[in-house]
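Let's take a walk through this fold together. Keep the model open beside the text and follow along as we go.

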Amino acid sequence: MTRPASPWWTPHVHADRRPLLLARGRIQAALRGWLAGEGFLEVDPAALQVSPGNEAHLHGFATQMIGNDGLAQPMYLHTSPEFAMKKLLAAGEERIAAFAHVWRNRERGVLHSPEFTMLEWYRVGEPYEALMDDCAAMLRLAAGAAGSAELRFRDRSCDPFAVPERLGVVEAFARYAGIDLMATILPDGGTDAAALAAQMAGAGLRSAADDTWSDMLSRVLVEKVEPNLGQGRMTILDRYPAAEAALARPLPGDARLAERFELYACGVELANGFGELTNPEEQRRRFGLEMDEKARVYGERYPVDEEFLAALALMPPASGIALGFDRLVMLATGAPRIDDVIWTPVAG
């Protein structure tokens, strides 16, 4: 019988992990100092929410809040502090940031933990390109705090001091998969699944009869595009199709695309940024579509946070981003697994 690996709290295991955890602290301190220098106010959003988020493929942890009257109300641990932080923007805050613990079910692996730390920040009245500059600065700070000249994951490396590559999603699909993505997007922003399936077949990629356009896009992204991103220098994968950006503003000049980008280093997704949508009616419509898809695939729906939609009507134009802090520590220290850089990893 194979002896199970020693748990993280075993003294010799902790001794091996401790340098990584100390580096985590230095990186967090460096980022906190930079945010303060940029005029950000660090906030502490509540994790218990009426909705965990309304994205089809994000899964929350459900619980109950029992009042003094003994009655139970369904509640969830948030998958992101986004709803709470946008309410603060509606209240009048302009530059806010949070190191927030978040919870996502159905996620466990080398790069995934059911509970992890997300660094999320918002800039009121500033373009989403400002967040790209923020990301570049943070990757440089993380490497410096870890005492490393590069970011590493397995056999891949990335120079955090090099000028980032900015690459459109449409361009990336053409370059790495030979797919004309715009030919599968309708003038109104809708999508043509049959057209994408045909192009995938021509490129030698599989698709199933019941795959949606979104399913196929995700498969091409994972199999053909992502492994090429953030090699040698960080990649900003920009201008997502509007159908894949439920919380983002349309791109000026072409509403088929949206002000959304993702940051990659060493083939690993680190951050997801937006020019934020502030139209409550449009946001409600998009949430409905996301929950219809969740019901179709997983047989469940999450409630809509009505206070969040009401707050959007007061929220000023802003840009916001969420960065996986544990993943950044992994890459800065060269750790092989996300659990190696979490002080007390989730059991199981």
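What follows starts with the sheet, moves to the helices, and ends with a few individual residues. Bear in mind that this is a predicted model.

Start with the sheet. Eight is the strand count here: the open sheet has 8 strands, ordered β1-β5-β6-β16-β15-β14-β11-β9, and the pairing is mixed. At the edges you'll find β1 (41–42) and β9 (165–168); each has a single partner strand, so one side of each is left without a neighbour in the sheet. As a reminder, strands of a sheet pair through backbone hydrogen bonds, either parallel or antiparallel.

β9 and β11 run parallel and share 4 bridges, with R166 sitting opposite I236 of β11. Step over from β11 to β14 and the pairing is antiparallel, again with 4 bridges; here L237 has E262 in β14 as its bridge partner.

Which way do its side chains go? T235 and L237 point one way, I236 and D238 point the other way, and all of them are buried. So what lies over this part of the sheet? Helix α4 (residues 169–177) lies across β9 and β11, at about 85 degrees to β9.

Now turn to helix α1 (residues 11–37), where you'll find R24. Is this arginine buried or exposed? R24 has a relative accessible area of 9%, and because the cut-off for buried is under 20%, it counts as buried. The R24 side chain makes a polar contact of 3.2 Å with the side chain of T117. Beyond its close sequence neighbours (those within four places), R24 touches T117, F325, D326, V329, V341, I342 and W343.

Some of those partners lead us to another helix. α9 spans residues 325–333, and its axis comes within 10 Å of the α1 axis, the two crossing at roughly 115 degrees. The crossing of α1 past α9 is right-handed. On the α1 side, the contact uses L20, A23, R24, I27, Q28 and L31, and these meet F325, D326, L328, V329, A332 and T333 of α9. By class, that contact is made of 8 nonpolar, 2 polar and 2 charged residues.

Finally, take a look at the backbone in two loops. Most residues other than glycine have a negative phi. R239 goes against that, with a positive phi of about 60 degrees although it isn't a glycine. You'll find R239 in the loop between β11 and β12 (250–251), and its relative accessibility of 26% makes it partly exposed. C266 is another non-glycine residue with a positive phi, near 60 degrees. The loop between β14 and β15 is where C266 sits, and C266 is buried, at 0% relative accessible area.

How values were computed. Residues numbered from 1 in each chain as written. Predicted model: local features only at pLDDT ≥ 70, side-chain atom pairs only at ≥ 80, totals over all residues. Heavy atoms only, no water. Pairing = 2+ DSSP bridges. Contact = heavy atoms within 4.5 Å. Axes fitted to C-alpha atoms, helices over the stretch in contact; angles between N-to-C directions. Buried < 20%, exposed > 50% of the residue type's maximum accessible area, 1.4 Å probe, protein only. Polar contact = N/O pair within 3.5 Å; in protein donor to acceptor, adjacent residues only side chain to side chain. Left-handed = near helix turned anticlockwise from the far one by under 90°. Nonpolar A, V, L, I, M, F, W, Y, C, P; charged D, E, K, R; others polar.
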